[in-house]
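This briefing covers helix packing, the nonpolar core and a few individual residues. Please view the sequence and the coordinates alongside the points that follow.

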Amino acid sequence: MKTEIEILEEPGRPLSMHPQKFAMWLFMGSVVMVFAAFTSAYIVQQGEGNWKINEMPISMWFTTGVIVLSSITMHWTYLSAKADNLELVKVGMGLTTFLGLVFLGGQWYVWTQFVAQEIYWIGNSADSFLYIFTGVHAAHLISGIIFLIIVLISTFKYKVHSKNMVRLDMCTTYWHFLGGLWVYLFIFLLLNH
């Protein structure tokens, strides 16, 4: 009597993502689309002529350095949380939040320099785009700072550690996204302004 042995494959683990992370990724995708539309509109408008060229304020270099540094401190915070070094997590979240506020203050200073250079919201399209790029990014950055503050409070309540990384992981991803978005905008403006 012949018996057949059937080998069944174990079902693979389905791809899954935390629902809040998924929603955040959808949100970031929509932000990318908004800024892609802005930058393409900028290029189209620039091609139509009547384009006033202004020098970028030197303080934009400073703010760019600040946001890159804040991304580094955010990553350091993430690694500290994975290693359960909770005191460094507090320090890192505090530093990142501080640097985010410095960046926001720096962007406000950039706007004062725009006005000093007679770059106004209304008038030339090139000037308007500077306010649109920096203003819309600043609005998203404010949401990022609020997220940083929420996670910072959680770190002082010892709710952020290697076994509870979802909120910090999301905050880290969003903050890196905001930093990368700013670097993209800064380079875009340097090359096209």
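Leu26 lies in helix α1; helices here are DSSP runs of H or I with at least four residues, numbered from the N terminus. The model is predicted, so local features need pLDDT of at least 70 and side-chain atom pairs count only at pLDDT 80 or more, while totals for chains, interfaces and linings use all residues. Residues are numbered from 1 along each chain as its sequence is written, and side-chain values use heavy atoms, with hydrogens and water left out.

**Single residues**

- Leu26 has a relative accessible area of 53% and is therefore exposed (exposed is over 50%, buried under 20%, partly exposed in between, with a 1.4 Å probe and protein chains only).
- From Leu26 to Asp84 the separation is 58 residues in sequence and 30 Å in space, C-alpha to C-alpha.
- Asp127 belongs to helix α4, and its relative accessible area of 3% makes this residue buried.
- Not counting residues up to four places away in sequence, Asp127 touches Lys52, Asn54, Glu118, Ile119 and Tyr120 (contact is heavy atoms within 4.5 Å).

**Helix α2**

- The 24 residues of α2 should span 34 Å at 1.5 Å a residue, and the end C-alpha atoms are 35 Å apart, which agrees (the expected span is 1.5 Å times one less than the number of residues).
- Asp84, which follows α2, has a positive phi, near 60°.

**Packing of α1 on α4**

- The angle between α1 and α4 is about 170°, and their axes are 10 Å apart (axes are lines fitted to C-alpha atoms, for helices over the stretch in contact, and angles run from 0 to 180 degrees between N-to-C directions).
- The two helices, α1 and α4, are therefore roughly antiparallel, a label for angles over 145 degrees.
- By class, the residues of the α1 and α4 contact are 10 nonpolar, five polar and no charged (Ala, Val, Leu, Ile, Met, Phe, Trp, Tyr, Cys and Pro count as nonpolar, Asp, Glu, Lys and Arg as charged, and the others, Gly among them, as polar).

**Nonpolar core**

- The largest nonpolar core has 46 residues, and Met60, Met93, Phe133, Leu168 and Leu189 have the most contacts inside it (a core is a set of buried Ala, Val, Leu, Ile, Met, Phe, Trp, Tyr and Cys residues joined through side-chain atoms within 4.5 Å).
- Two or more residues of this core come from each of α1 (19-47), α2 (59-82), α3 (86-116), α4 (125-156) and α5 (166-192).
- Helix α5 gives the largest share, 13 residues.
- Leaving aside neighbours within four places in sequence, Met60 is in contact with Val110, Phe114, Thr134, Trp182, Phe186 and Leu189.

Terms used
Parallel < 35°, antiparallel > 145°, perpendicular 65-115°, else oblique.
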